[in-house]
Amino acid sequence: MSKIYNLTGSDETITFNIGDYSLEFHSSDEKSKAVSDKAIELKEKAENISDENEWEARKEIKNLLDEFFVVMFGEEAPQKIYQSAGENTISYLKIFLQISQAIETEQEKKANDENFKKYL
């Protein structure tokens with residue numbers, strides 16, 4: 001008697017529904033490294049933003065988030081996300097934080113998967 005196993009191959013996609021559209025994050029090794037590198041770069045840039053002018057700081061934060069979303073989702077994503085955030089930088093930042101937390105949570109789940117652990 002033969003047995004057949006249907007393997008999915010990759011379940012590394014996380015879908016984010018934002019407003020009327022969806023974005024997919026495909027967590028390949030290359031993209032995960034790029035996101036990680038961009039996060040470090042953005043953190044360094046964010047530390048250099050001055051608090052003297054709130055509106056200038058918001059502009060710099062938006063530009064940093066735009067860079068991050070391009071790496072994660074592609075060239076069109078920043079404008080779509082910003083529009084869904086009501087073109088408000090603070091709301092745009094909140095979406096970024098929610099997406100970052102979701103990705104981190106999914107990565108932690110995968111790292112703690114009992115089936116995965118027994119092969120480490």
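## Cavity

In this predicted model, a search of the whole structure turns up one cavity of 30 Å³ or more. The volume of the largest cavity is about 30 Å³.

Eight names make up its lining: Glu12, Ile14, Phe25, Ser27, Ile103, Glu106, Gln107 and Lys110. Helix α4 is the main contributor to the lining of the largest cavity, giving four residues. Sorted by class, this lining holds three nonpolar, two polar and three charged residues.

## Largest pocket

The largest pocket has a volume of about 400 Å³. Its lining comprises 19 residues, and those nearest the centre of the pocket are Val35, Ala39, Phe68, Phe96 and Ser100. By class, the lining of the largest pocket consists of 13 nonpolar, four polar and two charged residues.

Three helices, α1, α2 and α4 (89–111), each provide at least two residues of this lining. The most come from α1, which supplies seven residues to the lining of the largest pocket.

## Helix α1

Helix α1 covers residues 29–47, 19 residues in all. From its first C-alpha to its last, α1 reaches 27 Å, close to the 27 Å expected at 1.5 Å a residue.

Val35, Lys38 and Leu42 are buried in α1. These residues lie on the same side of α1 because they cover an arc of only 70° around the axis.

On the face of α1 turned away from the buried side are the exposed residues Asp29, Glu30, Lys33, Lys43 and Glu47.

## Chain as a whole

The chain contains five helices and two strands. Read from the N terminus, its elements follow the order β-β-α-α-α-α-α.

Of the 120 residues of the chain, 27% count as buried. Among contacts in the chain with a separation of 6 or more, 54% are between residues 24 or more positions apart.

Conventions. Residues are numbered from 1 along each chain as its sequence is written. This is a predicted model: local features need pLDDT of at least 70, side-chain atom pairs count only at pLDDT 80 or more; totals for chains, interfaces and linings use all residues. Side-chain values use heavy atoms; hydrogens and water are left out. The expected span of a helix is 1.5 Å times one less than its number of residues. Buried means under 20% relative accessible area, exposed over 50%, partly exposed in between (1.4 Å probe, protein chains only). The arc is that of the directions from the helix axis to the C-beta atoms. On a 1 Å grid over the protein atoms alone, a cavity is a set of points where a 1.4 Å probe fits but cannot get out, and a pocket is an open set with protein on both sides within 12 Å along at least five of seven lines; lining residues have an atom within 4 Å of a point. Grid points are joined across faces, edges and corners, and a volume is the space filled by probe spheres set on the points. Ala, Val, Leu, Ile, Met, Phe, Trp, Tyr, Cys and Pro count as nonpolar, Asp, Glu, Lys and Arg as charged, and the others, Gly among them, as polar. Contact means heavy atoms within 4.5 Å.
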